[in-house]
Amino acid sequence: MPIQVYSLYIFDRHTQCVYSKLWHAAAAHQQQHYPAPPSSSHNAHPPPPSSSSSSSQQHHQLSTSQHQQQLPPASQHQATSSLTNGSNAAAAAAAAVAAANARGTVNSGSGGNYHMTSARAADDAKLIFGAVFSLRNMVRKLGGDDDAFISYRTGQYKLHYYETPTNLRFAMLTEPGALSMRNVLHQIYINLWVEYVVKNPLAPTEHKGGEGVRNEMFEMGLDKFIRGLM
Amino acid sequence: MNRGILALIVINKAGGLIYNRTFGDGLNQLNTNDYLVLAGTFHGVHAITARLSPVKAVQAQQNQQHQHTSSSTGGGVVPSRPEPPSGLEVLESENFRLQCFNTMTGTKFLLFTDTLQTNANADVAMRKVYDLYSDYVMKNPFYQLEMPIRCETFDRKLNSYIRELNSSR
């Protein structure tokens, strides 16, 4: 029986989305995985605009935070220095603000559709993680520590969940009528993740900075496997 | 031996817990504070799950196309508003199954059953519980909306219905 699979998200034990892929018709024009943008702790090194892994919204956040960081030293400088220096500092601050604003607008403007969709995918990944994490904790509280959250269904879709003992979390969205896909997620973990990602000596064990899994063998195998189900 | 319906929780439209009762021993007993937290958490998660719908975009497109074709054929069909996405309806775990019914006014009924219950079974039970709620809570002139449900008749009727249901299985 063919099953319509909408998307798959993989989260590592640091709650970061390390892999996501959409198979849905509405997302057919963006057949590429979108790793989540780096979390706020990694904001010290903003990725170049061309890397396009982070959202335009986050660029806005970055630019505003830079703006806030740059203002206090400038105003201090202004207070301690002479009038001419002060006006220089003010001009510098104004330039910094303008640059920050320009950067924000340029990125959001040039990003266009691509940034919008990638931002949406990243937001979705975060929302899915939040929902799944809360439900898992709820289930464990009510059903005991040995209980495991399997799936939930709404009128529009069904989310299947599988968690490994190492807190690697798989979430798959399918059509609402699908049967349990737990074994499918288990197979993905055993036959694809372990084989191609874990056993790859070049694959990083941690995915800091939202780089995500970029493993050709894994992606090809996964795509083939999922398309076999549909 | 845990079977049938294990617990009922009612959450008001603001995410507050207004009723909770356990019928079997299949679930861990939580204290009141934990139930309040659970109700609030579920309320939030329910809103998120409604937003996550991946078919939203396609449905909207189809709806537009449908409107377009209907208007081009000259039929005076009023364009129907798309169905709002429903949030979480059924949750499954290894030890229990949770059925959620969201009323038109935003009150949520959470029915915890064992994993063997079918969809239809839980739906019937949910409908009956909602009937009891409408009859003995909403028609109670002393019940204040959105406040905790303290209606003796509701308690009694609910208990007898669930006991009957659980013993018949």
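1. Basis. The model is predicted: local features need pLDDT of at least 70, side-chain atom pairs count only at pLDDT 80 or more, and totals for chains, interfaces and linings use all residues. Residues are numbered from 1 along each chain as its sequence is written, chains are lettered from A in the order in which they are written, and side-chain values use heavy atoms, with hydrogens and water left out.

2. Extent of the contact. Chain A brings 32 residues and chain B brings 34 residues. Contact here means heavy atoms within 4.5 Å. The area buried between the two chains is about 3000 Å². Carbon and sulfur atoms give 63% of that area. Buried area is the accessible area (1.4 Å probe) that two parts lose on being put together, summed over both. In chain A, the residues that lose the most area to chain B are A:L142, A:R153 and A:Q156. Together they make up 24% of what that side buries.

3. Three salt bridges cross the interface of chain A and chain B. The cut-off is a side-chain nitrogen of Lys or Arg within 4 Å of a carboxyl oxygen of Asp or Glu. A:R182 and B:E94 form a salt bridge through their side chains, at 3.3 Å, N to O.

4. Makeup of the chain A side. Helices (H or I, at least four residues) and strands (E, at least two) are DSSP runs, numbered from the N terminus. Both α2 (83–143) and β3 (149–153) of chain A supply at least two residues of the side that touches chain B. The largest share, 13 residues, comes from α2(A). By class, that side has 15 nonpolar, eight polar and nine charged residues. Nonpolar covers Ala, Val, Leu, Ile, Met, Phe, Trp, Tyr, Cys and Pro; charged covers Asp, Glu, Lys and Arg; the others, Gly among them, are polar.

5. Pairing across the chains. β3(A) runs antiparallel to strand β3 (residues 90–93) of chain B, joined by four bridges. Strands pair if DSSP finds at least two bridges between them. A:S151 has B:E92 as its bridge partner, and A:Y152 has B:L91.

6. Pairing within chain A. Three bridges join β3(A) to β4(A) (residues 158–163), again antiparallel. These two strands form a hairpin with four residues between them. A:Y152 stands opposite A:L159 in β4(A).

7. Burial of β3(A). Why is β3(A) largely enclosed by the rest of the structure? Because five of its five residues are buried. Buried means under 20% relative accessible area (1.4 Å probe, protein chains only).

Conventions. Buried < 20%, exposed > 50% of the residue type's maximum accessible area, 1.4 Å probe, protein only.
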